[in-house]
Amino acid sequence: DVFHHSLEQDHEGNFWVPSHLYPYQIDQKIVGLEHGNYQDDALTKISADGKILFQKSVSQIFIDNGMESRLSMIGTTHEFQSDPIHINDIQPVHFDSKYWKKGDVFISLGHQSMLILFRPSTEEILWKYDKNIFHQHDVNIINKEEISIFNNNRRYFYPNKDIVDGHNEVLIYNFETQQVSSYLQKSLVNEDVRTVSQGKSKILSNSDLFIEETIFGRTLYFNADGSLRWTHVNRAADENIYIVNWSRILYKP
């Protein structure tokens, strides 16, 4: 069962997709055997002709890497967690650097509010980040030492209701300095960018910024100086606005 999220190609032309597994790959003592009780999120690598080349339960990855306790940290005490992972994005690594190798993957885990860098060849979690991000989605590699994160800032302030605390952010994490900065934050505030779920961002090679505000059916393009070049709202002839999902910008300098 493949999620509704995007396919991401690796350096060999294969595709990485988030998926749900059944039968479950993890021990039945954790989730039982009944279908639908637990979302066993998995990383699945598929060849161009549809063959499964790699598949691994993220819950099992947590267990193997000493992070099993994270599977029961979401929600209230004594409550079984049916969806503790919730993969929002998989970003394959296309080149080597000091901090990763070609073939690694960055994974955005929404219900953990965490990013991990995973090496499929050894099944190791090499790095994780879970500071001041809230139900983040899109993750992209900018260069050999930086990644960008679309941080939804989605928080649960009221019972049965989730909201964006202020506005969405595009964050840049620098592996060299281990520091985080917010990219063109004033521009996102000025344009009131605040999709509760999903959302995408792309910092282009000329430092311009492309944003998809999924739930509000809007795409925006900011110049590197923060000024808005254009925006589009997906408004139909009936005047209703419909969501846009996993947009791509085809950019050449």
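These questions and answers look at strands and sheets in a predicted model.

Residues are numbered from 1 along each chain as its sequence is written. In this predicted model, local features need pLDDT of at least 70, side-chain atom pairs count only at pLDDT 80 or more, totals for chains, interfaces and linings use all residues, and side-chain values use heavy atoms, with hydrogens and water left out.

Q: Why is β17 called mostly covered?
A: Strand β17 spans residues 218-222. Strands (E, at least two residues) are DSSP runs, numbered from the N terminus. Buried means under 20% relative accessible area (1.4 Å probe, protein chains only). Five of the five residues of β17 are buried, so the strand counts as mostly covered.

Q: Which residues of β17 point which way?
A: Arg 218, Leu 220 and Phe 222 point one way. Thr 219 and Tyr 221 point the other way. All are buried.

Q: How do you know that β16 and β17 pair?
A: Two strands pair if DSSP finds at least two bridges between them. β16 (residues 209-213) and β17 have five bridges, so they pair, in the antiparallel sense. Glu 213 stands opposite Arg 218.

Q: What makes β17 and β18 a pair?
A: Five bridges join β17 to β18 (residues 228-233), antiparallel. Tyr 221 stands opposite Trp 230. In the turn of their hairpin, Gly 226 has a positive phi of about 95 degrees.

Q: Why do β1 and β4 stand at the edges?
A: The open sheet has the order β1-β2-β3-β4, with antiparallel pairing. β1 (8-9) and β4 (52-57) each have a single partner strand, so one side of each is left without a neighbour in the sheet.

Notes. Buried means under 20% relative accessible area, exposed over 50%, partly exposed in between (1.4 Å probe, protein chains only). Helices (H or I, at least four residues) and strands (E, at least two) are DSSP runs, numbered from the N terminus.
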